[in-house]
Amino acid sequence: VVVCWGYPDHKAAAHDSVVFDEIDNTYQAARYLLELGHREIGLYIPGARRPYEPRVRGLRSALRERNTDLREEWLFSTPELYDEGGARMAQRFLDLKSRPSALCIVNEYAASAFVNEIQRRGWRVPDDISLVSHDDAPVARFCAVPLTTVSHPVEDIANQVVRLLRERLENDYGGPARQITIKGQLVVRDSSRSYLA
């Protein structure tokens, strides 16, 4: 009995799977920033970006709805993860001549480090830049500026994986492979505000 978790994959088609919708996760973050009036939105993904990045697809989808283009120079990634990646990304952001007014940062430890670094340089969140993070980990509530975020509901994902496994192991289900898609929820806090041109 096999239950897959993670990204949709043609190999997983033969097995039950639980997929976290990263496209929708970033789409929700970007759509919220667009509703606040931001049109210049960047994205930071810690670690090496995968060639076919679902989160970039989510951002592009939201921007297209507002006839807004994505600027490639505002797609950030660093080899470092978490805090170190956020600090490195802050330096790259500050070195830009033209900066986005808002960012989606796909990791709350990285977002927290980003906030700390730019505040040391005199920038204010959300007055100078709005942020939406991802995961809704406890650090999002206790960051120097509590982070607006889109959740990554790990408990829901785990419950669905266990349910699918139990149904197979206990012979409650013997049909074709099933796929369950889990979506996050937007949680609004203090790191984002309406864009004032």
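**Notebook: rings and cysteines**

I started at phenylalanine 114, which is buried at a relative accessible area of 0%. The model is predicted, so I checked confidence next. The protein chain has a mean pLDDT of 91, with 92% of its residues at 70 or more. I found the lowest confidence in strand β1 (residues 3–5), at a mean of 71. Strand β9 (residues 186–187) has the highest, at 98.

**Aromatic pairs**

I looked up ring pairs and got three for the structure. Phenylalanine 114 pairs edge-to-face with phenylalanine 93, at 5.5 Å centre to centre and 70° between the planes. Phenylalanine 93 is in helix α3 (residues 82–95) and phenylalanine 114 in helix α4 (residues 108–120), so this pair ties together parts 21 residues apart in sequence. Phenylalanine 93 is also buried, at 0%.

Phenylalanine 93 has an edge-to-face pair with tryptophan 123 too: 5.3 Å between centres, 75° between planes. Tryptophan 123 lies in the loop between α4 and β6 (130–135), 30 residues from phenylalanine 93. Both are buried. I noted Phe93, Phe114 and Trp123 as a cluster linked by ring pairs.

**Charges over rings**

I then checked arginines. The charged end of arginine 99 sits over the ring of phenylalanine 93, 5.8 Å from the centre. Arginine 178 has its charged end over the ring of tyrosine 173, 3.8 Å from the centre.

**Cysteines**

How many disulfides does the whole structure hold? My search found zero. The sulfur of cysteine 104 has its closest cysteine sulfur in cysteine 143, 16 Å away, which is too far for a bond. The cut-off is 2.5 Å. Cysteine 104 is buried at 0% relative accessibility. Cysteine 143 is buried at 7%.

Terms used. Residues are numbered from 1 along each chain as its sequence is written. This is a predicted model: local features need pLDDT of at least 70, side-chain atom pairs count only at pLDDT 80 or more; totals for chains, interfaces and linings use all residues. Side-chain values use heavy atoms; hydrogens and water are left out. Buried means under 20% relative accessible area, exposed over 50%, partly exposed in between (1.4 Å probe, protein chains only). pLDDT is the predictor's confidence in each residue, from 0 to 100. Helices (H or I, at least four residues) and strands (E, at least two) are DSSP runs, numbered from the N terminus. Rings of Phe, Tyr and Trp (its six-membered ring) pair if their centres lie within 6.5 Å; planes under 30 degrees apart count as stacked, over 60 as edge-to-face and the rest as tilted. A charge sits over a ring if NZ of Lys or CZ of Arg is within 6 Å of the ring centre and within 35 degrees of the ring normal.
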